[in-house]
Amino acid sequence: MAEPFDVVVSRRVSGECLFSFEGRRYSVPFAWVGRSVEIRGTHAHVVIRAEGSEIARHSRGTPSRLLLDPEHYEGVSTDRVERPTPLGRRARL
């Protein structure tokens with residue numbers, strides 16, 4: 001059974017692989033840049049879905065205003081979106 005949720009919205013993913021929800025910015029895999037995704041707010045998580053499946057998940061209601069998953073910026077370029085430039089050692093710190 002699906003996890004119960006209390007809010008559903010649609011957002012377009014920015015060029016930085018981010019979208020806004022409840023005053024915070026969340027990352028999604030870079031392949032979704034420029035596309036719309038569905039955001040579901042559950043008790044504990046922000047669940048991001050597209051094309052019928054979950055593509056990302058973040059904690060909901062944290063003190064952080066920017067929630068990033070470094071894995072969202074890795075992978076192989078698609079025919080639509082070029083892979084982001086990898087961060088150097090200093091930037092990863």
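A polar contact is a pair of N or O atoms within 3.5 Å; within protein, one atom must be able to donate a hydrogen and the other to accept it. The model described here is predicted. In it, the side chain of histidine 58 reaches the backbone oxygen of serine 27 at 2.8 Å. That distance falls within the 3.5 Å cut-off.

Histidine 58 lies in strand β6. Its relative accessible area is 7%. Buried means under 20%, so histidine 58 counts as buried. Beyond its neighbours within four places in sequence, histidine 58 is in contact with Tyr26, Ser27, Ala44, His45, Val46, Ile48, Leu67, Leu68, Asp69 and His72.

Strand pairing was examined next. Strands of a sheet pair through backbone hydrogen bonds, either parallel or antiparallel. Strand β1 (residues 5-12) and strand β4 (residues 36-42) run antiparallel. Seven bridges join them. Phenylalanine 5 stands opposite threonine 42 of β4. Strand β4 also pairs with strand β5 (residues 45-50), again antiparallel, through four bridges. Here the bridge partner of glycine 41 is valine 46 in β5. A hairpin of two residues joins β4 to β5.

An open sheet is formed by three strands in the order β2-β3-β7, with mixed pairing. β2 and β7 (66-67) stand at the edges. Each has a single partner strand, so one side of each is left without a neighbour in the sheet. Strand β2 and strand β3 (residues 24-27) run antiparallel and are joined by four bridges. Serine 20 stands opposite arginine 25 in β3.

The nonpolar interior was then considered. In soluble globular proteins, nonpolar side chains tend to be buried together. The largest nonpolar core has 14 residues. Phe19, Val28, Val37 and Ile48 have the most contacts inside this core. β2 (18-21), β4, β5 and β6 (53-59) each supply at least two of its residues. The largest share, three residues, comes from β5.

Leaving aside neighbours within four places in sequence, valine 28 is in contact with Val13, Cys17, Phe19, Ile48, Ile55, Ala56 and His72. Among these, Phe19 and Ile48 are also listed with the most contacts inside the core.

Technical notes. Residues numbered from 1 in each chain as written. Predicted model: local features only at pLDDT ≥ 70, side-chain atom pairs only at ≥ 80, totals over all residues. Heavy atoms only, no water. Pairing = 2+ DSSP bridges. Core = buried A, V, L, I, M, F, W, Y, C linked by side-chain atoms within 4.5 Å. Buried < 20%, exposed > 50% of the residue type's maximum accessible area, 1.4 Å probe, protein only. Contact = heavy atoms within 4.5 Å.
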